[in-house]
Amino acid sequence: MNFADFERRAHEMFDAIPPEYRGGVEYVAVSEETVPHPELPEVYTLGECATGELDLGLEMPDHVRSGVHLYYGSFAALAEQDPAFDWEGELYETLTHEIRHHRESTAGEDALEDFDYAADENFKRREGVAYDPLFYRSGEPLDDGGWEVDGDVFAEITLSAGEFERMDEIHADVAGRRVSLPRPEHLGDVCFMYLEGFRPEPGETAVVLVRRRGTMESLRGLFHRDTPEVLEWSVEPEDWMVVEEDEGD
C-alpha cells in the first residue's frame, strides 16, 4: 500500500467511527516517519495517541484536542518483513487501539498500558533477551485462571523451596484442564515449564513456578539484590498428562 492510499484509508476508517465512541479523539494524522522500538530489533511503533494537545486556534486557552498519529514508515517496515502483512487489518487495529488508549487515560484506567507492557516483555522472552519474569500478570486474565499474552497462556503456581523439594510431580490448572507434569530439577526464582503440544492453535502454554520466600530469605534479599534466577524447561507431550478436564470441554 502506498502512502496516499494509506492516508486515505486511515481517514475513512476514522470517520466511520461514531464520535461517541472516539472518547474525545478529534483527528487522525498520518506521517511517513518510521519509528523503531528503542530496545527491540525489528519492532516498530505504528501509532500513538497524542492526548491533551493545546489547541492555539481556539479562544479558550485551556481547550485541548487529542488525536491519533500513524507512522506509515513503520507499517512499511513490517510489511517488508512479512509478505502476508495485512495493511487494512493492522491499520484498523492500530487506530482503534490508540483510541482505546485515550479513553482509558481520560477515565483514569491503565489496563491497555499494562497489556502493552506485557506484550513487550513477552517479545523479549521469545527473543532470548532479559525480561521481567512476572510480565504475564499484566496480561489478559483468563476466566479459568492464568493469563494470556499475545496468544501465549501462562498458569502460575507459587510455592516455597521446601514444598518444591517434597513434590514428585507438579499439578496445575491450565486452560480448563488439570495437568500433571514432572518436577523440574531446579526451582530457581521463576521457572517456566512449556507444555509442548498442549493446544492445537499457535501459541505457547507455560506453567510458571514462582518461588515463595520465607521471612529470613526475604530479609537476606534486602542486602543481596541479585538478578532473579529465571529458568525455562520444555516438557514434551509424552511427559505431561491431563488428569481432569472441565465438563464443557
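Q: What is the relative accessible area of Glu156?
A: Glu156 has a relative accessible area of 26%, and is therefore partly exposed. That class lies between buried (under 20%) and exposed (over 50%), using a 1.4 Å probe and protein chains only.

Q: What kind of model is this, and how are residues numbered?
A: This is a predicted model, in which local features need pLDDT of at least 70 and side-chain atom pairs count only at pLDDT 80 or more, whereas totals for chains, interfaces and linings use all residues. Residues are numbered from 1 along each chain as its sequence is written, and side-chain values use heavy atoms, with hydrogens and water left out.

Q: Which side chain meets Glu156 in a salt bridge?
A: The partner is Arg137, at 2.9 Å from N to O. A salt bridge here requires a side-chain nitrogen of Lys or Arg within 4 Å of a carboxyl oxygen of Asp or Glu. Arg137 sits in the loop between α5 and β4 (140-141) and Glu156 in strand β6, 19 residues apart, so this pair links distant parts of the chain. Helices (H or I, at least four residues) and strands (E, at least two) are DSSP runs numbered from the N terminus. Arg137 is partly exposed, with a relative accessible area of 39%.

Q: How many salt bridges are there by this rule?
A: The count is eleven.

Q: What does Arg125 pair with?
A: Arg125 forms a salt bridge with Asp152, at 3.0 Å from N to O. Asp152 belongs to strand β6 (residues 152-159) and Arg125 to helix α5, so the pair ties together parts 27 residues apart in sequence. Asp152 is buried, at 2% relative accessible area, and Arg125 is buried as well, at 6%.

Q: And Lys124, what is its partner?
A: Lys124 forms a salt bridge with Glu121, the closest N and O atoms being 3.0 Å apart. The two are three residues apart in helix α5 (residues 111-127), which means that about one helical turn separates them. Both Lys124 and Glu121 are buried.

Q: Changing topic: which residues of α1 are buried?
A: The buried residues in α1 are Phe6, Arg9, Ala10, Met13 and Phe14. They lie on the same side of α1 because they cover an arc of only 130 degrees around the axis, taken from the directions from the helix axis to the C-beta atoms. The face turned away from that buried side carries the exposed residues Asp15 and Ala16.
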